[in-house]
Amino acid sequence: MHIYESLPLAPTGFVMGMTLMLLSLYVLLCPQKFRQQLASAHAKSSAATVLLGIDFIWVGLLLLKAEWNPLCMPLFEFENFRGILLILCPVVWFIMSSMSKEQLFARALGMFLLLLAIVPMSAAFMKDPASRVLIPLWWYPVLTISMFWVARPYLFRDWSGWLVQRPALISALAAGNFIYGLAICTCAGLFW
């Protein structure tokens, strides 16, 4: 059993719900600042390099087989490739961060969200009660969008540019996200 699967549902859900609520509050309380950040996010290569580094360190920890590393995951029939994949982590990070800087932030953010999603989804997997489905219901659309950002990063620029021009939609999405986070926190406190 991987460490993610042993995470208790209630605290994991509470952290996820509080994070959604705090991010939503930021968007609702500072709409102009958020829109400026969203409009310029695709061009921030230094932030992209740092975020991509975090992604590859995370992947490296998932691959590194050591006594002190609780994040190491089993690779089953691909176990023979563990060493090669570990060597490729810094090489791919260097190539991506130095040679493909265009739209790098979208790729880095997409990879980060793909890595992050497994934590709460593993905590909610095959557990009671049925209300735990609130966690994957939020993450499935995020995972789909993240895969698009990794494969076609220009979509992040296009979608964020489209969204920046619609402040009412941003506020509505943030309000809905806040309510969803509140529902997750409520379920975590009362049922999980």
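A nonpolar core is a set of buried Ala, Val, Leu, Ile, Met, Phe, Trp, Tyr and Cys residues joined through side-chain atoms within 4.5 Å. In this predicted model, the largest such core has 34 residues.

**The core**
- The residues with the most contacts inside the core are L52, F105, L109, I135, W139, F156 and W192.
- Helix α5 gives the largest share, with 10 residues.
- Leaving aside residues up to four places away in sequence, W139 touches M16, L113, L116, A117, P120 and M121.

**A tucked-in serine**
- S97 sits in helix α4.
- Its relative accessible area is 6%, so S97 counts as buried, the cut-off being under 20%.
- A polar atom of the S97 side chain lies 2.8 Å from the backbone oxygen of W93.
- The S97 side chain also reaches the backbone oxygen of F94, at 3.4 Å.
- Not counting residues up to four places away in sequence, S97 touches T49, L52 and L104.

**Helix α8**
- With 24 residues, α8 reaches 34 Å from its first C-alpha to its last, close to the 34 Å expected at 1.5 Å a residue.
- Its buried residues are I170, A174, N177, G181, I184, C185, C187 and A188.
- Those buried residues pack against α1, α2 (31-40), α6 and α7 (154-164).

Notes:
Residues numbered from 1 in each chain as written. Predicted model: local features only at pLDDT ≥ 70, side-chain atom pairs only at ≥ 80, totals over all residues. Heavy atoms only, no water. Buried < 20%, exposed > 50% of the residue type's maximum accessible area, 1.4 Å probe, protein only. Helix = DSSP H or I, 4+ residues; strand = E, 2+ residues; numbered from the N terminus. Contact = heavy atoms within 4.5 Å. Polar contact = N/O pair within 3.5 Å; in protein donor to acceptor, adjacent residues only side chain to side chain. Expected span 1.5 Å × (residues − 1).
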